[in-house]
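Dear colleague,

Please find the structure below, handed over for your records. My findings follow it.

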Amino acid sequence: MLKAVVFDMDDTLLSINLSAFLAVYVRDEARLLGDIGRKNPFSALAALGGSLYDLNANERDEDDDRTNYAFFADTLRQRCGVPIDDPVIADAFECYEREVLPKRNDAIIAARPREGARAAIEEVTGRGLRVALLTNPSFSRACIECRMGWGDMLDMPFELVTTMENSTRVKPSPRYYLESIESLGLKPDEVLMVGNDPKRDFPTPDCGVQTAYVGTGRPVRATWSGSMADFASSFNEIEERFYERQERELSDIVQDVTRGRA
C-alpha cells in the first residue's frame with residue numbers, strides 16, 4: 001500500500017540553475033577554506049572539489065558507516081589538512097551558509113518555487129500520505145535549508161530531510177534510499193519517489209522503490225512521466241500506475257518461483 005511520497009528538491013520542487021549555484025557555492029567555500037587554512041586559493045578549491053567528487057562517487061566499503069559529513073570531513077582533512085569538523089571551523093562554514101549564502105540568489109541562479117510544487121505537496125498530504133524531502137545529501141543541513149527557503153519549502157510538512165549529517169550514502173545508491181525509507185518506518189514498496197534526474201532519482205541497482213519522473217524525456221523505469229505542474233492533477237493516474245506496477249512485479253516473482261520449482 002502506498003503510504004508516502006518522497007520528493008527530490010533541485011529542479012523538482014525548486015527551479016534553479018544548479019550549475020550556477022554550485023559554481024558560487026564551491027567558490028565561496030573554497031575561499032573560506034583557504035582563509036582558514038592559510039592555503040593557496042587554487043589548492044583549496046582543488047581540495048574541496050576533489051572531496052565533493054569523492055563523496056558523490058559512492059565508492060566506499062560496504063562496512064563504512066560514517067555519515068556523509070564525516071566522510072567529507074575526513075577526505076578534506078587528508079587533502080588539505082583543515083579539520084572542518086572542528087567546532088570553531090564548522091561554525092564559520094555554517095555562518096556562511098545561513099547568513100551569506102541565502103543572499104547569493106540572483107538572476108543567474110534564478111532559484112524559485114517550481115510550478116506545481118506546493119500543489120503536489122497539498123495533493124499528497126490531503127490524501128493522508130506522508131511526505132519527505134530526499135534531496136541528494138551531499139550538502140549540509142544549512143545549505144539545504146537555504147535552497148528550501150528559496151523554494152518556499154520551509155513550512156512544508158516533511159518528516160525527513162536528507163542531509164550530509166544524517167545520511168551515509170548519496171544518490172543513486174540503494175543504501176541511501178533504503179536507509180532513508182527505514183528511518184521513516186516504511187518499506188520500499190510503500191514509497192513513491194518523485195524526481196527529475198534520470199540517473200540519481202532511480203535507485204541503482206533497483207531496490208523496489210518506484211519513481212515518478214518530472215524531468216525531460218520518459219525513462220523506461222519511470223512509473224509515470226510528466227511535468228511537476230501536472231503532478232497534482234494527475235495523481236489518480238500516478239497512484240493507479242503505482243499499484244499496476246506492483247502487481248506486475250509480484251506476478252513476475254511468482255512466475256519465477258514457479259519455474260524454479262518445475
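In helix H7 (residues 174–183), the buried residues are Pro174, Arg175, Tyr176, Tyr177, Ser180 and Ile181. Buried here means under 20% relative accessible area, exposed over 50%, and partly exposed in between (1.4 Å probe, protein chains only). Helices (H or I, at least four residues) and strands (E, at least two) are DSSP runs, numbered from the N terminus.

This is a predicted model, in which local features need pLDDT of at least 70 and side-chain atom pairs count only at pLDDT 80 or more, while totals for chains, interfaces and linings use all residues. Residues are numbered from 1 along each chain as its sequence is written, and side-chain values use heavy atoms, with hydrogens and water left out.

The cover over the buried residues of H7 includes strand E5 (191–195); contact means heavy atoms within 4.5 Å. At the start of H7, the backbone nitrogen of arginine 175 has a side-chain oxygen of serine 173 within 3.1 Å. After H7 comes glycine 185, with a positive phi near 75°.

I turn next to the pockets. On a 1 Å grid over the protein atoms alone, a pocket is an open set of points where a 1.4 Å probe fits, with protein on both sides within 12 Å along at least five of seven lines; lining residues have an atom within 4 Å of a point. Grid points are joined across faces, edges and corners, and a volume is the space filled by probe spheres set on the points.

The largest pocket holds about 430 Å³ of space. Its lining comprises 19 residues, and Leu18, Leu22, Asn136, Ser138 and Arg200 lie nearest the centre. Helix H1 (18–37) and helix H2 (41–57) each contribute at least two residues to this lining. By class, the lining has 6 nonpolar, 5 polar and 8 charged residues, where Ala, Val, Leu, Ile, Met, Phe, Trp, Tyr, Cys and Pro count as nonpolar, Asp, Glu, Lys and Arg as charged, and the others, Gly among them, as polar.

The second largest pocket has a volume of about 260 Å³. Of its 16 lining residues, Tyr69, Ala90, Phe93, Glu97 and Ser140 are the closest to its centre. H4 gives the most to this lining, with 5 residues. The lining has 10 nonpolar, 1 polar and 5 charged residues.

Tyrosine 69 belongs to helix H3 and counts as partly exposed because its relative accessibility is 23%. Beyond its neighbours within four places in sequence, tyrosine 69 is in contact with Ile84, Asp85, Ala90, Met164 and Glu165.

Yours sincerely

Methods. A polar contact is a pair of N or O atoms within 3.5 Å; within protein, one must be able to donate a hydrogen and the other to accept it, and residues adjacent in sequence count only if both atoms are side-chain atoms.
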